[in-house]
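Good morning, colleagues. I would like to take you through selected side-chain features of the structure about to be displayed.

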Amino acid sequence: MELKNKKLSLWEAVSMAIGVMIGASIFSIFGVGAKIAGKNLPETFILSGIYALLVAYSYSKLGSKIVSDAGPIAFIHKAIGDCVITGALSILLWMSYVISIALFAKGFAGYFLPLINASTNTFNIAITEIAIVAFFTALNFFGSKAVGRAEFFIVLIKLLILGIFIFVGLMTLHISYIIPSTSPSAISGMIFASAIFFLSYMGFGVITNASEHIENPEKNVPRAIFISILIVMFIYVGVAISAIGNLPIDELIKASENALAVAAKPFLGNLGFLLISIGALFSISSAMNATIYGGANVAYSLAKDGELPKFFERKVWFKSTEGLYITSTLGVLFALLFNMEGVASITSAIFMVIYLFVILSHYILIDEVGGKKEIVIFSFIVVLGVFLLLLYYQWETHRFVFYGIIVTFIGVLIFEIIYRQVTKRVFNIVKN
């Protein structure tokens, strides 16, 4: 990939971010959103997109000035230095990839089993989750350049399928299905669901990681971030309107594991079911491969050594081969322990904590990187509020998930304190 000789244009950067953002989550957790938000699902995507835009404000300012493969950890390191918090957040970043693997495994099982007419019992789901993670773990160990080359076409197929779904679905709408509910329970459900769907926009950070390779980064990095989020928001809202506008919400909730495929049946028939199911499997597979191949091994290296080499290559797995196995094993463990909503909630909670520290870092570095303090403070308050609402919702509805979130945070902090003492690890984040 000759990124050094050819800079990415604004629209190439936007395309890259859209490909990452419209990943597995739209297929995997759509049914979860329908269950919590009901008919207010389109409004839920708008609300979670607004949260993403607020976080993006800080990312855009920091990313145009601070260029590092370490992404958000580089921003935090620059603001508060090398300390236990920085180390714990680097481990949390790695954990976000670990739990994303669990999310993808559950999503894959949800679409794969109905597609082959297999029973969606606990045993079959568990076997499928283990098998798909094991497959991509082996693929990453032995290497597969072909999968990397296929990524562009997978993204193209995914967007084409969603485009057909939206276009045909909008022509066959039942208007009564999409009228939003204003009851207190519906509004609270929409807000709670927006906290979980926050993770559907998390891919915009890829632009800051590639800022060195983007033409005129000071202008184009912020533009690419905001344009990509707005386009993705438009697609998500379109998908939500087409889905709930063609299938009664009760039926959509029943099909929570493969909701989009079932929603395609009324206006695209069995072909639509097949098309969306295959699109979901393509999308989830590419997301899992990218997570294990790229994000997880970078994050593991950072969490383990506090350092990223300037030219990060896949062979780093072979310098720390245990990282591949630990990452995949923990991913399977989370998939087996928690349901889809639980995995999505834990992933969102982790990202929100990282985002809160990114916003805080922006506030600390605002004189250096630019921005308005009022917007930064407002963003922090909103994201903190959403995070607390997510915790409250899980406390009230899924106590086990609430404890899972708390144990993850406390466990990471304790591990970092002990690990730092034993290894004397210090952070040395290499900037490009």
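How many aromatic pairs does a search of the whole structure find? The search returns 24 aromatic pairs. One of them joins Phe 30 and Phe 45 in a stacked arrangement, with 6.3 Å from centre to centre and 25 degrees between the planes. This pair links distant parts of the chain, since Phe 30 belongs to helix α3 (residues 30-37) and Phe 45 to helix α4 (residues 41-63), 15 residues apart. Phe 30 is buried, its relative accessible area being 0%, and Phe 45 is likewise buried at 0%. Please keep in mind that this is a predicted model.

Beyond pairs, one aromatic cluster is formed by Tyr 51, Tyr 59, Phe 75, Phe 198, Phe 204, Phe 351 and Tyr 355. Ser 194 lies in helix α10 (residues 184-197) and counts as buried, with 0% relative accessibility.

Aromatic rings also meet charged groups. The charged end of Arg 399 is placed over the ring of Trp 395, 3.6 Å from the ring centre. For Lys 265, the charged end sits over the ring of Phe 273, at 4.9 Å from its centre.

Finally, I turn to the surface. A nonpolar patch there consists of Ile 80, Ile 85, Leu 360, Tyr 363, Ile 364, Ile 377 and Ile 381, with about 560 Å² of accessible area together. Helix α17 (340-364) and helix α19 (373-397) each supply at least two of its residues, and the largest share, three residues, comes from α17. Ile 377, in helix α19, is partly exposed at 40% relative accessible area.

Definitions and conventions:
Residues numbered from 1 in each chain as written. Predicted model: local features only at pLDDT ≥ 70, side-chain atom pairs only at ≥ 80, totals over all residues. Heavy atoms only, no water. Patch = residues over 30% accessible without salt bridge, like charges linked within 9 Å, V, L, I, M, F, W, Y side chains within 5 Å. Areas by Shrake-Rupley, 256 points an atom, 1.4 Å probe, with all protein chains shown as cover. Salt bridge = Lys/Arg side-chain N within 4 Å of Asp/Glu carboxyl O. Helix = DSSP H or I, 4+ residues; strand = E, 2+ residues; numbered from the N terminus. Buried < 20%, exposed > 50% of the residue type's maximum accessible area, 1.4 Å probe, protein only. Phe/Tyr/Trp six-rings, centres within 6.5 Å; stacked < 30°, edge-to-face > 60°. Lys NZ or Arg CZ within 6 Å of the ring centre and 35° of its normal.
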